[in-house]
Amino acid sequence: MDRTNENTLAWFAICLAGVFLSASSAWAETVKRIAIVWRHGPTEGTIEVGRGKLVNLTSVARPATVRGNTFRHEGREEYRLHLEIEDSGAPFGHAATLVTVSAARNPFSFFLRDVHSRFPIFLPAYGVVVTEAEDLRSYGAIAEDLRSRGLLTGLQEIENEPEESFESAASKTRSLKVPTWLGMSRDIRIFAVSERLDWIQPRFHGYEVTLPETGDRPVRYQFLMGRGWGPRERITRRLEDGILPILRGRLDDGRITYEFTAFVGLEGKPPTALRGTHFLVADGYGRGHVFTAEQRKRFEELRDTELNQPEETILYLAAVAVNRSRAPAYAFFKSVWPQGVAADQWSFDPGYGFSMYRSGRVFAVSKLNGKPLAHDEVAILLQPGESATLEVYLPHRPIAKERALRLARQSFAERHAEIRQFWQQKLARAAQIHVPERRIAEMIRAGLLHLDLVAYGLEPGGTLTPTIGVYTAIGSESSPIIQFVDSMGWHDVARRALTYFLEKQHESGFMQNFDAYMLETGAALWSLGEHFRYTRDVEWVRQIAPKLIRACEYQAKWRQRNMREDLRGKGYGMLDGKTADPEDPYRSFMLNGYAYLGFRRVAEMLESVAPQESRRWRQEAEALKKDIRTALQEVLGRSPVVPLGDGTWCPTVPPWAEYRGPLLLMADGGRWFTHGAMTSRDSLLGPIYLIFQEVVDPKEDIADFLLNFHHELMTDLNVAFSQPYYSRHPMAHLRRGEVKPFLKAYYNTVASLADRETYTFYEHYFGASPHKTHEEAWFLMDTRWMLYMERGDTLELLAGIPRVWLEGDQRIRLDRAASYFGPLSLEVISQLETQNEIRATVTCTSDRKPRRVVLRLPHPKGLRAVWVDGGRYDARQERVVIENFTGKAHVAVGFQPRDRSRRQQQTGTSARDAAFAARLLRRLLHAPRTEAAGAHAQAPHASVDDRAHPLQVHAPLTAGDIVRVADPVPETGPAPTNFAYPSHERWKPPKANLYFSMSLGAPVA
């Protein structure tokens, strides 16, 4: 070693030692002085310090008492405590000092390291501030300082932005390309087609097909149209008609354009002859499936028969090359060939156009322009406007030559027409939903067929396995699939899918079908209860009641095992067990929320069948809910608060009762990264589920906390990371009437996770599990709730639609949509371009129709209606409320006085009248605030009433109270509108009416 290297190493060692010494110094224990300031008393409690030591506690205010770590203040004025705490010095991780204020009211915790006078820990919901002791400002001064900075939380920023749209979301999110699955529904013999249309893979649902000819390895067939990979990607794809499981593709390759069509049908019979696959065999070919010993035995008995049917499913493919130039040009095709199989293991027969393995079995039949393909690679010179068509018929597994000869006689056009009709007839039996946004309208119908494509079972009435992506059915992940199918009126399909969970139920009552997930029982019971809400099928409930009761008894015993005194404060009475892939066997809020939903829905179902059992499970549900809420309050107090974007701080909650705070803050240590994100356990499996699961009311303070800290820590564009549809915060926003945050999540999630061309979803952003119907079904359920949602005896319509859906002369229509209240129809016609009004008709005539209907009709520009027919208008929420609904209602809302358009057409608008109106408006808006707040000031009206009269404007409303004023429109004629000026002098403008559209309070979006 030379001297230069020795000197370098010595210097490096000195620097490294300095780093270690600096780190040790930074972590050295120090005494930190802080102050806790309450806006007002009384208050009392204790101070607890973890990974540190309380050195001194003193009270500044009187009367107050401090003994040890306890404090008590009887007065109602501001109250200040000073604390001296020995800090561990750890800047992060589980060694950081954590302080808990165990107050009798609003307990909270914070990391000592987070206390800073520049950004004090400010908890306005609790009326408390934590700052450095040297910061002598009052609570009010600190609050005013933070508010004066004009900072906003993430959710407040969304409220200040324009409403989200798909186009806006697509411009700033990733665009995933997803392989397309093609099949016939019910039958697990399906095919995957690549994003570039260059390979085809036969599958038994979750597993690739293996063949003896390929050494029992998965087989994939390559395919090529055009010249091959190049510097530009010129392939586009689309479902036929935008909705059918028939894949259309286009490749622009120089002068030649290739049009690709692929679908799956039977070998010789029409699609109506579809038999399907026994649900248990389908279950066994879904990844992650769990069988009991009895189920395993039955699967093995059925497997060979189910997989070896007289007819194979066939992928029918046609590629049409067209010369769109003005000169001759070559088109190129290469028919399918097995990837990774040696050339001597297969051959091509030019006499028949057969591609065969050495075994003699045919794996493809190819035709060019209707005749057997003479060579598996061809170059064809096409004159301008001329075309050539390559057809490939690919059996799911290779077939004998005699069967291939029969297959070669099939007509692609006839098969195509049959399969189109097959899928169209399925859609015709479902509810019809039309929305103005074409993409969303197509995704609703395409999504329904995507769910159906992978619901496997024997036709016409056998049990169905509602699979998800490559996986088998799961009680939790299959729930939105079944519920959307129900909401579209396919009650028979939903019932058959629910039967899967009943047939696979263990003798103990437990339901578990996937990889040791413990939450399936409650989630499956919830879906069973939702089906009953749609159908009110009492006889069906009577038949399955023993299974329902057995499942509830299993959960009740599970609860009893956790009613131990040592679990007080750690999830007493809550179920324990893993909820998803991570091995977290804790008392999680998600698991217990589903158990609560299960108890509640079973109680509803049994009410008319077994009243005593109904009461029993209702009581059990309420007891569990109480235990969940107790645990929630306990962890809320001991979890560290976190900062929000507006300078305030927010309490937090962990995903389970045994931890302190969000796992990603690591207050109690551990390693929590999973599935591509640090946030997964907290966000996707966390406490925000309790709002969705009806344990926490959406309007409670704790719901505010859950949504705020979740948004700040665990979302981007209000979308969760990794597997975002597991996060149920969009529904929480919708139930709270927060349309902008809902739409922010709705559009950015679908734009980033679904294939924008074929509408198929991935599970994760990193591309795991294509055709993931769990994700697609949550998108569909969010869309359903956006359009219609039940709340007790109230039907809420269009609660989350974007404003642009009512632009111009557009329509929204629901026909035969299934609801808790029976079949529902709605037609909304926007006539804003021609009449400046919106009209709607609501029909729900069943004997369980809603008592109340709430119809939201947002104006695209945020204007409020000046008249309404058919109900009471709530201007703040832009809703028409129809009380005592009789089964049918007609509603109309207008955004200008009824006769305004007619008068304008008859008389026109003079410049003199317009100038007068402008002067009058200036006088009104420049009224002095002091006079406006005088003794005769009147409180503003909350909304515009139903009468078609001009809105009276009172000058005591100051300019600061007026948020939006419509353009003034002067009209000739009498003047019924009076203006009360600050001098309280009543004055009528001559020969003019001046109409204002105003909203009072929060700005209109």
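Select Asp874 to begin: at 16% relative accessibility, Asp874 counts as buried. Here buried means under 20% relative accessible area, exposed means over 50%, and partly exposed is in between, using a 1.4 Å probe and protein chains only. This is a predicted model, in which local features need pLDDT of at least 70 and side-chain atom pairs count only at pLDDT 80 or more, while totals for chains, interfaces and linings use all residues. Residues are numbered from 1 along each chain as its sequence is written, and side-chain values use heavy atoms, with hydrogens and water left out.

**Stop 1: around Asp874**

Asp874 and Arg879 form a salt bridge, with the closest N and O atoms 3.9 Å apart. A salt bridge is a side-chain nitrogen of Lys or Arg within 4 Å of a carboxyl oxygen of Asp or Glu. Arg879 counts as buried too, at 17% relative accessibility.

Now select Glu878 and Arg864. These two form a salt bridge whose closest N and O atoms are 3.4 Å apart. Arg864 sits in the loop between strand E41 (852–856) and strand E42 (867–869), and Glu878 in the loop between strand E43 (872–874) and strand E44 (879–882), so the pair ties together parts that are 14 residues apart in sequence. Strands (E, at least two residues) and helices (H or I, at least four) are DSSP runs, numbered from the N terminus.

**Stop 2**

Go to Asp782 and Arg728, whose side chains meet in a salt bridge (3.4 Å, N to O). The pair links distant parts of the chain, 54 residues apart: Asp782 is in helix H21, and Arg728 is in the loop between strand E35 (719–720) and helix H19 (729–735). Asp782 and Arg728 are both buried. The structure holds 80 salt bridges.

**Stop 3**

Select Ser769, in the loop between helix H20 (739–753) and helix H21 (773–787). Ser769 has a positive phi of about 65° although it is not a glycine. Most residues other than glycine have a negative phi, and most peptide bonds are trans. Ser769 is buried, with a relative accessible area of 8%.

Then move to His710 in helix H18 (residues 701–714). His710 counts as buried, at 3% relative accessibility. Which residues are in contact with His710, leaving aside its neighbours within four places in sequence? They are Ser683, Ile688, Thr715, Ser727 and His729, where contact means heavy atoms within 4.5 Å.

**Stop 4: helix H10**

Select residues 479–487, which make up helix H10. Of its 9 residues, 9 are buried; among them are Pro480, Phe484 and Asp486.

**Stop 5: two cis peptide bonds**

Select Glu459 and Pro460, which are joined by a cis peptide bond with omega about 5°. Pro460 lies in the loop between strand E30 (455–456) and strand E31 (465–466). Glu459 also belongs to a network of salt bridges that share partners, together with Arg186, Lys426, Asp452 and Arg496.

The other cis bond on this tour joins Gly41 and Pro42, with omega about -5°. Pro42 is in the loop between strand E1 (30–38) and strand E2 (43–50).

**Stop 6: Asn369**

Asn369 is found in the loop between strand E25 (362–368) and strand E26 (371–372). Its phi is positive, about 50°, although Asn369 is not a glycine. Is Asn369 buried or partly exposed? Asn369 is partly exposed, with a relative accessible area of 47%.

**Stop 7: the whole protein**

The protein has 24 helices and 50 strands. Of its 1005 residues, 59% count as buried. Among contacts with a separation of 6 or more, residues 24 or more positions apart account for 70%. The protein exposes about 40600 Å², of which carbon and sulfur atoms supply 50%; accessible areas come from the Shrake-Rupley method with a 1.4 Å probe, and for residues only the protein chains shown count as cover.
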